[in-house]
Amino acid sequence: MNMKTYALLIIPFLFITSCKKKQEGNNCVGAPESAIEGVWQTQCLSSSSTSYQTSVTVLCSTLSWQTSFFSATGCVESSKTRILTNSGGFFTTIGASSSVSGATEVDISNGTIELMPVTSAEASAMNASSYCGMSNWTVNVKQSVSGYCGLDFYGYHGAKSFSVYQVVSTLLYFGTSSASFDGTSAAKRFNTLGSLGYVKSQ
């Protein structure tokens, strides 16, 4: 699966609360987001001979996500090749969704998207292909790729999208794009949930 295709799958899942509520310790007290505060993770997802896995961390007014890519199926740590992260965004809770029963509407601002090779072989391959237009990739060093090679679906650091989220049983779901509702404005807010669920791990 190429990075642009992957971005189209995961960017609608990126969100953080923009809360003016009181924060105590690791809890956003009294905020609607307190129900989803914590670390959520997908199952290992495989495609052909590769795999990837994403985790999302929600802490009141902050969110970070990390996707690890592997050169083999099964998300085995020894086969990890690169890590894609997003941090520093914001989101504002709007209220109950009018189109998705039980879901909550959120306006999302992306953070900084960074990519990091974790093996010498991966860094060399990325340099050889000028991946994302860069040829100075270094092992275990992050580089900003916001707005490059389709990794930031909404275009750049701080770009806004309009989404929804919902917890169904033990799984957290986010909105997904469709032809008429691509999340680029409030009128085009995602009106369906994606099929990828996140399990709370912490």
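How many helices and strands are there in the protein chain? And which residues are linked in a network of salt bridges?

Mentor: Happy to walk you through it! Keep in mind that this is a predicted model. The protein chain has 2 helices and 14 strands. Of its 202 residues, 46% are buried. Among contacts with a separation of 6 or more, 54% are between residues 24 or more positions apart. The chain exposes about 9,300 Å², and 51% of that comes from carbon and sulfur atoms.

Now for the part you asked about. The network of salt bridges joins Glu105, Asp107 and Arg189. Let us begin with Arg189 and Glu105, whose side chains meet in a salt bridge at 3.5 Å, N to O. This pair links distant parts of the chain: Arg189 sits in the loop between strand 13 (171-174) and strand 14 (198-200), while Glu105 belongs to strand 9 (residues 104-109), 84 residues apart. Both Arg189 and Glu105 are buried.

Arg189 also forms a salt bridge with Asp107, where the closest N and O atoms are 2.8 Å apart. Here too, distant parts of the chain are linked, with Asp107 in strand 9 and Arg189 in its loop 82 residues apart. Arg189 counts as buried because its relative accessibility is 9%, under the 20% cut-off. Asp107 is buried as well, because its relative accessible area is 12%.

The structure holds 4 salt bridges, and one of them brings together the side chains of Lys80 and Glu77 at 3.1 Å, N to O. In that pair Lys80 is buried, with a relative accessible area of 14%, whereas Glu77 counts as exposed at 57% relative accessibility. As a general point, side chains of opposite charge can pair when their charged atoms come close.

Before you go, have a look at the loop between helix 2 (120-128) and strand 11 (143-144), where you will find Ser130. Most residues other than glycine have a negative phi. Ser130 is not a glycine, yet its phi is positive, near 50 degrees. Ser130 is partly exposed, with a relative accessible area of 37%. Asn140 lies in the loop between helix 2 and strand 11 too, and has a positive phi of about 60 degrees although it is not a glycine.

Definitions and conventions: Residues are numbered from 1 along each chain as its sequence is written. This is a predicted model: local features need pLDDT of at least 70, side-chain atom pairs count only at pLDDT 80 or more; totals for chains, interfaces and linings use all residues. Side-chain values use heavy atoms; hydrogens and water are left out. Helices (H or I, at least four residues) and strands (E, at least two) are DSSP runs, numbered from the N terminus. Buried means under 20% relative accessible area, exposed over 50%, partly exposed in between (1.4 Å probe, protein chains only). Contact means heavy atoms within 4.5 Å. Accessible areas come from the Shrake-Rupley method with a 1.4 Å probe; for residues, only the protein chains shown count as cover.
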